[in-house]
Amino acid sequence: MTCIKLVIPEIPPSNNRFMGRGSKGYQAFVYQEEKTKWEWLVRAAIKNKPKEPIEKAVVNITYYFPDKRRRDPDNYSGKFLLDGLTRAGMIKDDSFSNINLVLTGKVDGSNPRTEICIE
């Protein structure tokens with residue numbers, strides 16, 4: 001399988017930053033602002049966009065964290081990334097019927113980043 005690889009020189013915030021903190025007011029504003037930022041980061045990382053959105057795909061997301069601190073995969077679900085891929089027209093839909101999602105966490109203290117491989 002061919003992999004369309006995107007590299008983003010940042011790591012999205014943990015879901016814990018937003019979970020259980022209310023959906024109104026300032027926190028909702030911060031969430032939407034962060035979501036928009038990640039949509040643009042995904043768009044900026046796209047070098048070869050397919051003519052049509054990919055209908056069915058395996059999306060591998062690898063987070064390269066700056067340190068070995070314990071992190072839970074469910075706090076890095078890929079929400080902002082998958083939404084960005086959908087909005088950018090890379091994938092048709094980010095539902096279970098269209099996407100198989102694989103999350104991996106590694107450490108690279110000198111180059112923290114997020115890599116996305118769409119197969």
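The model is predicted.

**Overall fold**

The protein chain holds two helices and four strands. Along the sequence, these elements run in the order β-α-β-α-β-β. A compact globule of 119 residues would have a radius of gyration near 14 Å, and the protein chain, at 14 Å, agrees with that. Along the principal axes, the C-alpha atoms fill a box of roughly 40 × 35 × 25 Å.

**Burial, surface and charge**

Buried residues account for 39% of the 119 residues. The protein chain exposes about 7,400 Å². Carbon and sulfur atoms supply 52% of that area.

Charged side chains number 20 positive and 15 negative. The centres of these two sets lie 2 Å apart.

**The disulfide**

How many disulfides does a search of the whole structure find? The search finds one. C3 and C117 form this disulfide, with their sulfur atoms 1.9 Å apart. C3 sits in the segment before β1 (4–8), while C117 belongs to strand β4 (residues 113–118), so the pair ties together parts that are 114 residues apart in sequence. A disulfide is a covalent bond between the sulfur atoms of two cysteines.

C3 has 34% relative accessibility and counts as partly exposed. C117 has 16% and counts as buried.

**Helix α2 and its contacts**

Helix α2 spans residues 79–87, and its buried residues are F80, L81, L82, D83, G84 and L85. After α2 comes G89, with a positive phi near 80°.

K35 lies in α1 (residues 25–45). Is K35 buried or exposed? K35 counts as buried, because its relative accessibility is 18% and the cut-off for buried is under 20%. Leaving aside neighbours within four places in sequence, K35 is in contact with F80 and D83.

F80 also touches P13.

P13 lies in the loop between β1 and α1. At 16% relative accessibility, P13 counts as buried. Which residues does P13 contact, leaving aside its neighbours within four places in sequence? They are F18, E34, W38, N75, Y76 and F80. Y76 is 63 residues from P13 in sequence, yet their C-alpha atoms are 7.6 Å apart.

S77 is found in another loop, the one between β2 (57–65) and α2. With a relative accessible area of 27%, S77 is partly exposed. Not counting residues up to four places away in sequence, S77 touches N15, Y63, L101 and L103. The C-alpha atoms of S77 and I61 are separated by 9.2 Å, and the two residues are 16 residues apart along the chain.

**Accessibility of the selected residues**

The table collects the residues discussed above.

| Residue | Relative accessibility | Class |
|---|---|---|
| C3 | 34% | partly exposed |
| P13 | 16% | buried |
| K35 | 18% | buried |
| S77 | 27% | partly exposed |
| C117 | 16% | buried |

Conventions
Residues numbered from 1 in each chain as written. Predicted model: local features only at pLDDT ≥ 70, side-chain atom pairs only at ≥ 80, totals over all residues. Heavy atoms only, no water. Rg over C-alpha atoms; globule rule 2.2 N^0.38 Å. Buried < 20%, exposed > 50% of the residue type's maximum accessible area, 1.4 Å probe, protein only. Areas by Shrake-Rupley, 256 points an atom, 1.4 Å probe, with all protein chains shown as cover. Lys, Arg positive; Asp, Glu negative; His and termini not counted. Charge placed at Lys NZ, Arg CZ, Asp CG, Glu CD. Disulfide = S-S within 2.5 Å. Contact = heavy atoms within 4.5 Å.
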